[in-house]
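Here is a brief report on backbone angles and ring contacts. Look over the sequence and the model first.

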Amino acid sequence: MSVIETFTPSVLQVTASAVAKVQSLRDEESNPDLMLRVYVTGGGCSGFQYGFSFEDTMAEDDTPVLKDGVTVLIDSLSYQYLAGSTVDYRSEEHTSELQSP
């Protein structure tokens, strides 16, 4: 008898180092309910700009991505531009990075 495995793809990959940084920032703020929002805004001539912010509430049109106790929020407008991307944090450079496909 074989076992059927279910695979649910995630719209956004979140690295372990990004999860650790978000958890650290939540601890600093003493707010375990904070969620990381990743978003895209129009950048005019220079194209799109990507941003990060913290939220304590989820909007109705947000897509939550859960990873090891951390929730990353993507609004419906940004979803199409962020699909397949990776959120990473590199501590040696103190930089946040969004890698697009």
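## The aromatic pair

Rings of Phe, Tyr and Trp pair if their centres lie within 6.5 Å. The model is predicted. By that cut-off, the structure holds 1 aromatic pair. The partners are Phe48 and Tyr81, with ring centres 4.5 Å apart. Their planes stand at 45°. Planes under 30 degrees apart count as stacked and those over 60 as edge-to-face, so this pair is tilted.

The pair links distant parts of the chain, 33 residues apart. Phe48 lies in the loop between E2 and strand E3 (49-55). Tyr81 belongs to helix H2 (residues 76-82).

## Positive phi angles

Most residues other than glycine have a negative phi. Ser30 has a positive phi of about 55° and is not a glycine. Ser30 sits in the loop between helix H1 (16-29) and strand E2 (35-41). Its relative accessible area is 64%, so Ser30 is exposed.

Asp68 is another residue other than glycine with a positive phi, near 50°. Where is Asp68 placed? It lies in the loop between strand E4 (63-67) and strand E5 (70-74). Asp68 counts as exposed because its relative accessibility is 56%, and the cut-off for exposed is over 50%.

Definitions and conventions. Residues are numbered from 1 along each chain as its sequence is written. This is a predicted model: local features need pLDDT of at least 70, side-chain atom pairs count only at pLDDT 80 or more; totals for chains, interfaces and linings use all residues. Side-chain values use heavy atoms; hydrogens and water are left out. Helices (H or I, at least four residues) and strands (E, at least two) are DSSP runs, numbered from the N terminus. Buried means under 20% relative accessible area, exposed over 50%, partly exposed in between (1.4 Å probe, protein chains only). Rings of Phe, Tyr and Trp (its six-membered ring) pair if their centres lie within 6.5 Å; planes under 30 degrees apart count as stacked, over 60 as edge-to-face and the rest as tilted.
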